Amino acid sequence: MDVKEVLQFADELVFAQTGKHLDDIQETVIKGVWQGQTYETIADECHRSESHVRDIGYKLLQILSKQLGEDVNKYNFRSTIERIYVKSSQVIGIGNHHKFNFCSQTLDQSHQDNQQNQAKSKPSSNFHDLTLAPKITHFYDRTTELQTLSHWLTHQNTRLISVLGLSGIGKTTLVKQFVDLNLQQFDVVVWKNLKLSQSLDGIITEILTGVNHDSVQPDNKLTQLFNVLRQKKCLIILDDIQELFIKGDWAGQFKTEYKNYQNLFTMMTEIEHQSSLILISQEQCQEMICLDEELYPIKCLELEGVESRSIMKNWGLKDDETWAQLIKLYEGNPVYLKDIVSLIKNIFGGKVADFLNEDSLIVTKDMKSRLTKLFKRLSPREQEIVLQLSKFEQPVSREDLRQSLSLSSMDLMNGLESLRQRYLVKRIEGEQVLFDLSLVVREYVRTCCQN
Ligand SMILES: Nc1ncnc2c1ncn2[C@@H]1O[C@H](COP(=O)(O)OP(=O)(O)OP(=O)(O)O)[C@@H](O)[C@H]1O
Ligand SMILES: [Mg+2]
């Protein structure tokens with residue numbers, strides 16, 4: 001298929017939907033996308049702004065997706081157009097606008113036949129394996145986060161979603177609550193915890209065995225998995241992804257033996273199917289980040305603390321007018337709150353006001369052990385930065401930090417980025433970008449990490 005044929009085919013598809021032929025700039029964009037050029041290069045070539053070209057590209061890809069009945073994006077454009085062009089030329093021959101309606105119907109029909117054939121070969125039963133998922137008995141707040149997940153999974157068919165945040169912030173609880181509320185929407189739901197087993201081959205085999213009722217071929221398991229993801233609407237949840245990353249290095253670096261997960265995450269977004277993978281992690285890795293969400297079906301939900309007092313209402317506390325202050329002090333982290341509340345009940349008879357009057361931030365032994373685990377994961381340079389940050393009372397600029405540390409500018413930038421990817425350092429936007437530690441982390445570092 002040459003460029004001329006691509007332009008002609010695209011023109012027929014666009015004409016069928018809009019009644020208008022491609023204009024010069026649309027042709028240039030299609031030609032560029034076909035040739036694998038970036039929008040930036042295409043923009044340079046036709047002397048337009050990149051955002052204008054990107055906008056045109058996006059609209060064209062949407063029209064083509066609608067006309068062809070499947071997702072066409074910048075990255076599958078060439079293979080999809082070629083495949084459908086070959087199929088449609090076998091059916092009717094290309095190059096006649098008046099024939100296009102017939103072409104579109106024929107393709108739709110063949111798409112439907114294909115789906116019916118797939119349905120026939122589908123194993124009949126659904127498969128839900130939540131053996132390793134926690135049971136949620138109390139759930140408060142997080143209405144917006146639940147809606148966001150629902151929108152991404154049910155309306156946008158997002159294929160890779162990461163739920164991220166500090167230990168104890170409520171990632172696992174939120175995702176499990178979502179699964180409990182939406183179980184029936186999925187043919188297959190599988191929950192795996194990487195703290196318990198990290199063998200990807202083992203996980204894939206279990207999924208295939210569950211779905212295919214034991215008929216798993218020993219070879220090409222990834223191909224078999226993607227066949228299932230295509231035929232059925234699956235939701236796979238992998239909890240505690242940070243277990244796959246190296247300790248003592250920058251955040252989100254895969255251990256050599258788990259690079260196959262890295263490939264799986266990328267394949268989830270690049271290969272066509274109808275399923276989703278949710279990654280729950282304390283650390284962000286590169287595969288979870290997407291600068292152009294229009295093009296890649298990837299999303300990130302970064303959890304912050306809870307704000308409402310409702311989470312504390314059944315904990316048997318007194319002085320409810322002071323609860324908001326306690327939540328603020330412990331940054332709405334449910335696990336810190338549970339911990340401190342148990343101390344307030346045992347030592348202060350549940351009187352929150354009395355605890356707050358002590359005017360000191362208590363880092364309990366459980367908080368300490370949680371934070372110690374996180375600190376053991378830091379690279380030496382990150383540890384230096386955190387120690388230095390804990391000495392400041394106020395948020396601090398990168399320049400001030402650099403002057404107080406003997407790190408190269410590159411190490412400082414990488415260190416700050418890595419700490420942000422672990423949710424240990426907060427970035428404060430303003431005229432000048434500032435960095436800060438959370439109150440609990442600062443107190444922990446001051447009291448537990450000084451030599
Ligand atoms: N929305 C919520 N309503 C009620 N309790 C919650 C909520 N979110 C979290 N919790 C409670 O806080 C605790 C920590 O939550 P969870 O285990 O989900 O955190 P996490 O972010 O997955 O932590 P980790 O990274 O250490 O696994 C749990 O005991 C859970 O019951
Ligand atoms: Mg968890």
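For what follows, Ala, Val, Leu, Ile, Met, Phe, Trp, Tyr, Cys and Pro count as nonpolar, Asp, Glu, Lys and Arg as charged, and the others, Gly among them, as polar. This is a predicted model: local features need pLDDT of at least 70, side-chain atom pairs count only at pLDDT 80 or more, and totals for chains, interfaces and linings use all residues. Residues are numbered from 1 along each chain as its sequence is written, with chains lettered from A and ligands numbered from 1 in the order in which they are written.

**Exercise 1.** Describe the shell around ligand 1 by class and by origin.

*Solution.* Start with class: the shell has 6 nonpolar, 8 polar and 3 charged residues. Next, look at who comes nearest: of the 17 residues around ligand 1 (C-beta atom, placed from the backbone, within 6 Å), these are Ser167, Gly170, Thr172, Thr173 and Pro334. Helix 8 (171-182) and helix 13 (334-348) are the elements giving two or more residues; helices here are DSSP runs of H or I, at least four residues, and strands are runs of E, at least two, numbered from the N terminus. Helix 8 supplies the largest share, 3 residues. Finally, domain 2 (127-302) and domain 3 (309-360) each contribute at least three residues, with bounds from an automatic or database domain assignment.

**Exercise 2.** Find the strands that pair with strand 5 (at least two DSSP bridges between them).

*Solution.* Take strand 2 (residues 160-164) to begin: 5 bridges join it to strand 5, in parallel, and leucine 160 has leucine 277 as its bridge partner. Then turn to strand 4 (residues 234-239), also parallel to strand 5, with 4 bridges; here leucine 235 partners serine 276.
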